[in-house]
Amino acid sequence: MNDELKTSQLTPLTISFILGSALLITMVDGITAHDTWMVVIAGFVLCLPFLLIYAHLAKRFPGKSLIEMNDVIFGKVVGKIVSAIYVAYFFLLLTFNINDAAGFYVGYVMPDTPDMAFLIIFTLVCAFAVHRGLVAIAKVSLATTALAVTVVALTTLMLIGNMDSSNLLPLFDKPLIRYVQATQIVVELPFLEIVSLLMVMPLIKDNRKLTRSWITGAAVAAVLMLAIVLRNTLVLGGASNILGENSFEAIRLINIGEFLTRIELLIAINYTTFFFIKISVLYYVTLNGISQLLRLERANALILPLGSIAVVFAYIKVDSAVIHAIWGAQYAPVFSFPCTVFFPLLMLIVAALRKLRTPPPDALRQQEIKPEP
Amino acid sequence: MALLIIAFFSLCALIEIPRLARAKRTKELVWFCVFSAIGLTLFMLLLASVKIPGPIKVIMGWLDWIGLHYPA
């Protein structure tokens, strides 16, 4: 599990990780309807300062994971408490995403198949990916990003004939609190969950281009998300906030010459690859977090037991789709706030006040030493 | 279904425990057993149709108690 992750591999990993939350756009559609495209733009702009905070923390403590940073910043006891909260957060995110992946398949692709089958299969595949290491997952993310760009571009082009620009009107017809709520969901749930990538900083030997990788990744993901939202809104119009999965429903309308039809499976393949990357990364960081908290040298032995616990939690996650929708719209942004906004801000403030930083790893320091004339 | 789950956990234990014992990785062996026991127990509870409270309901309950969530 100990390879080197290049910052160039971090960009596609970031893109695929953020797009792993593409399903939640349907939930945001239920709040802001045809104004969701503005929320995506606002969400991206508002996430930038926090991405800069994460990158700054990674550069201030090079080669240290989030848990090691907490120990340095907050001390051994408080640091461990904050780290335990983060590990619990990553574990819950893992279970939520496994459940979302299985729920998508049961809802749209194979409705007669029991949930548990998808939960177990997804988890086993991701467990194998974690066993191979994060660098292998990052290499796969290049292919998933290329697939995402291709599918979004193709499907948008094929639906141009079905688009009606009047579906974007009227603007700002909802109460302000709905825009604030939707923006917070978009900022925290897809974009700021990148905080989990702070756990993989020990794998990055040269982090000089870290900020650029993350900002580029977030920007590309935002553009793709915006394209998806605009496509769905322009095609579906008012139906977009009552349908289940808007991308699926929009792609169903593609019918070119009675030949090119029923290509909504492309969306299913896209979502599967996004979920695979996101779940694998969350699985990896949870395992890494647990191994650092328990001070284990290697945690490969815990991959399957942790996966089994995650499957059970994913299965019992929620009783009904209604409660899931209420959770996503009203509670999830508040749940994510401490780990994505509050703690990183606090870490930055405490590190700055106490003038804490760790020296760069040896390899980087040698590059910075200028040769004698 | 229960037999399949027990078979899966037994297979994992049969592979991992001797490997970790040979490598003298005692800490990992202990935590492997702890996590496997938790996973097996949860699965058995699930199969016995015991109502395990979901994490979302628990967190929603806490946030309702504090009063920190968006209105419907």
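The lining of the second largest cavity divides into 4 nonpolar, 4 polar and 2 charged residues. On the classes: Ala, Val, Leu, Ile, Met, Phe, Trp, Tyr, Cys and Pro count as nonpolar, Asp, Glu, Lys and Arg as charged, and the others, Gly among them, as polar. This is a predicted model, where local features need pLDDT of at least 70, side-chain atom pairs count only at pLDDT 80 or more, and totals for chains, interfaces and linings use all residues. Residues are numbered from 1 along each chain as its sequence is written, chains are lettered from A and ligands numbered from 1 in the order in which they are written, and side-chain values use heavy atoms, with hydrogens and water left out.

Back to that cavity. Its volume is about 50 Å³. Among its lining residues are A:Ala22, A:Asp29, A:Asn232 and A:Glu245. Elements giving two or more residues there are α2, α9 and α10 (246-252) of chain A. α2(A) gives the most, 3 residues. Helices here are DSSP runs (H or I, at least four residues), numbered from the N terminus.

Now the largest cavity. It holds about 60 Å³ of space. α11(A) gives the most to its lining, with 4 residues. The lining includes A:Arg231, A:Asn270 and A:Phe274. By class, that is 6 nonpolar, 2 polar and 1 charged.

How do we define these spaces? On a 1 Å grid over the protein atoms alone, a cavity is a set of points where a 1.4 Å probe fits but cannot get out; a pocket is an open set with protein on both sides within 12 Å along at least five of seven lines; lining residues have an atom within 4 Å of a point. Grid points join across faces, edges and corners, and a volume is the space filled by probe spheres set on the points.

Next, the largest pocket. About 1,200 Å³ of space lies in it. It has 48 lining residues, and the closest to its centre are A:Met27, A:Asp100, A:Lys317, A:His324 and A:Ala325. The largest share, 11 residues, comes from α5(A).

Last, the interface. 35 residues of chain B are in contact (heavy atoms within 4.5 Å) with 38 residues of chain A. The buried area, meaning accessible area (1.4 Å probe) lost on putting the two parts together, summed over both, is about 3,300 Å². Carbon and sulfur atoms give 77% of that. In chain B, B:Phe35, B:Ile56 and B:Tyr70 lose the most area to chain A.
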